[in-house]
Amino acid sequence: MTASTDARMEPVKIGSLTCTPLHPTFAAEVTGIDFSKPVSDEQIKDVIAAQERFGVTVYRNTALDDKRHVEFSRQLGELEHVPKFSGPKTVLRFAYTELFDAGNTDINGNIVQKGTRRWWYNKGNALWHTDSSFNQHRSKFSALLAHAVPKEGGNTNFADVRHAFRDMPEEKKAELRPLVLEHNLWHSRRVAAPDEYQAPTEYELAAKPPARHKLVQTAPDGGETLFIAAHAEYVVGWSKEDSQKLIWDLINYCTQPKYTLSLQWHQPGDLVIWDNRQTMHTATPFSDQMEVRDMRRTTVFDDGPFAWGVPEKPIDQIHEKPIDVPAVAVPA
Ligand SMILES: [Fe+2]
């Protein structure tokens, strides 16, 4: 079947928006918003409807700056704040603590050098994952805005986990439904950079303890999906070896070519929003020691019935907020 004969690839109107599918089962490029002025509450409803239907939405050449990126994101829900992994030495690059630095430059705009902790940290982003599954209060949307894109490479690849799960045999789904996964940011860092992250620092461990979430969850459309990522370390009650085998079998299953899409960033101002509850994504290589890729992300907390997962301890005993250390204005 070619794209031209596939009705699923035809543009769809959602309120004031036109959504042009990028894949037969998920992801669309969206037009119809004027980002030069505040987005109306009415259009925000359309944005969320498009988001929940397509899982990944792409808005080209928005010309958003940090302020308007954050303001628009706040209209989608409560935002995460950046963790302070370096404790008292933590220096934030942006004026907004809701902006995660997902690029390859330091606070002075210089390229992060190969072999530094930050460089190794970014290696973990090249594993298939969903953002913030390692938080007990998980997040629903990520909104990544390009400020500088490399000439070649640096695509973000996405997987339609929702569709992949629905294609599974019923017996397999039944096996998976009772399972709870423990997600740990430091696990995915160790998988990607075993030496560097053998022993995370006290600040890192305190900022991001493990979190537990059901594997099979309900997607926004009411059907089932998987909540899975390279951050998943254990199936609760299973050995590490058995857990990792199942987790990677599932990640590999969900990221078969037929369920994935490689998204190219065209220019600064491109904004991509994805749904962490029903997709996975991964960073792809580019000349990271030669070219700047400046990407800034807001992350919207889930406010639905599965937002807090299956905590091991009562919620009020979970220490998940960044520990109280002030950011300093200059590098220590
Ligand atoms: Fe990510």
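Valine 235 counts as buried, because it has 21 C-beta neighbours inside 10 Å and the cut-off for burial is 20 or more. Its place is in strand S12. The model is predicted. The protein chain averages a pLDDT of 91, and 93% of the residues score at least 70.

**Valine 235 and its surroundings**

- Leaving aside neighbours within four places in sequence, valine 235 is in contact with Leu179, Leu181, Ser243 and Leu246.
- Leucine 181 stands opposite valine 235 in S12.
- Valine 235 and glutamate 182 lie 53 residues apart along the chain, yet their C-alpha atoms are separated by 6.3 Å.

**The sheet of 3 strands**

- Strand S12 belongs to an open sheet with the order S9-S8-S12 and antiparallel pairing.
- Strand S9 (211-214) and strand S12 (232-235) stand at the edges. Each has a single partner strand, so one side of each is left without a neighbour in the sheet.
- From one strand to the next, the twist averages 35 degrees.
- Strand S8 (residues 180-183) pairs with S12 over 3 bridges, in the antiparallel sense.
- S8 also pairs with S9 in the antiparallel sense, over 4 bridges.
- Histidine 183 has alanine 211 in S9 as its bridge partner.
- Strands of a sheet pair through backbone hydrogen bonds, either parallel or antiparallel.

**The sheet of 8 strands**

- A further open sheet has 8 strands in the order S1-S2-S3-S4-S14-S6-S16-S5. Its pairing is mixed.
- The edges are strand S1 (12-14) and strand S5 (100-101). Each has a single partner strand, so one side of each lacks a neighbour in the sheet.
- S1 and strand S2 (residues 17-21) run antiparallel and are joined by 3 bridges.
- Valine 12 stands opposite cysteine 19 in S2.
- Helix H2 (residues 66-74) packs on the sheet and touches strand S6 (139-148) and strand S16 (294-301). The direction of H2 makes about 20 degrees with that of S16.

**Helix H1**

- Helix H1 covers residues 41-54, which is 14 residues.
- At 1.5 Å a residue, H1 should span 20 Å. Its end C-alpha atoms are 20 Å apart, so the span agrees.
- The buried residues of H1 are Asp46, Val47, Ile48, Ala50, Gln51 and Phe54.
- An α-helix has 3.6 residues a turn, so residues three or four places apart point the same way.
- The cover over the buried residues of H1 includes S1, S2, strand S3 (28-31), strand S4 (56-59), S6 and strand S14 (271-275).

**Nonpolar cores**

- The largest nonpolar core has 52 residues. Those touching the most other members are Ala159, Val161, Leu226, Ile228, Cys254 and Val272.
- S6 gives the most to this core, with 5 residues.
- Not counting residues up to four places away in sequence, valine 161 touches Thr225, Leu226, Ile228, Cys254, Gln278, Thr279 and Met280.
- A second, separate core has 5 residues, including Phe134, Leu185, Trp186 and Ala211.
- In soluble globular proteins, nonpolar side chains tend to be buried together.

**Glycine 153**

- Glycine 153 is found in the loop between S6 and strand S7 (156-160).
- Glycine 153 counts as partly exposed, because it has 16 C-beta neighbours inside 10 Å.
- Leaving aside neighbours within four places in sequence, glycine 153 is in contact with Thr284, Pro285 and Phe286.
- Glycine 153 and phenylalanine 301 are 148 residues apart in sequence. In space, they are 30 Å apart, C-alpha to C-alpha.

- Over residues 320-332, pLDDT stays under 50.
- For residues 320-332, the model has 24 contacts beyond four places in sequence.
- Where pLDDT is low, the predicted coordinates should not be read in detail.

Terms used
Residues numbered from 1 in each chain as written. Predicted model: local features only at pLDDT ≥ 70, side-chain atom pairs only at ≥ 80, totals over all residues. pLDDT = per-residue confidence, 0-100. Contact = placed C-beta atoms within 7 Å. Pairing = 2+ DSSP bridges. Helix = DSSP H or I, 4+ residues; strand = E, 2+ residues; numbered from the N terminus. Axes fitted to C-alpha atoms, helices over the stretch in contact; angles between N-to-C directions. Expected span 1.5 Å × (residues − 1). Buried ≥ 20, exposed ≤ 12 C-beta atoms within 10 Å, placed from the backbone. Core = buried A, V, L, I, M, F, W, Y, C linked by C-beta atoms within 7 Å.
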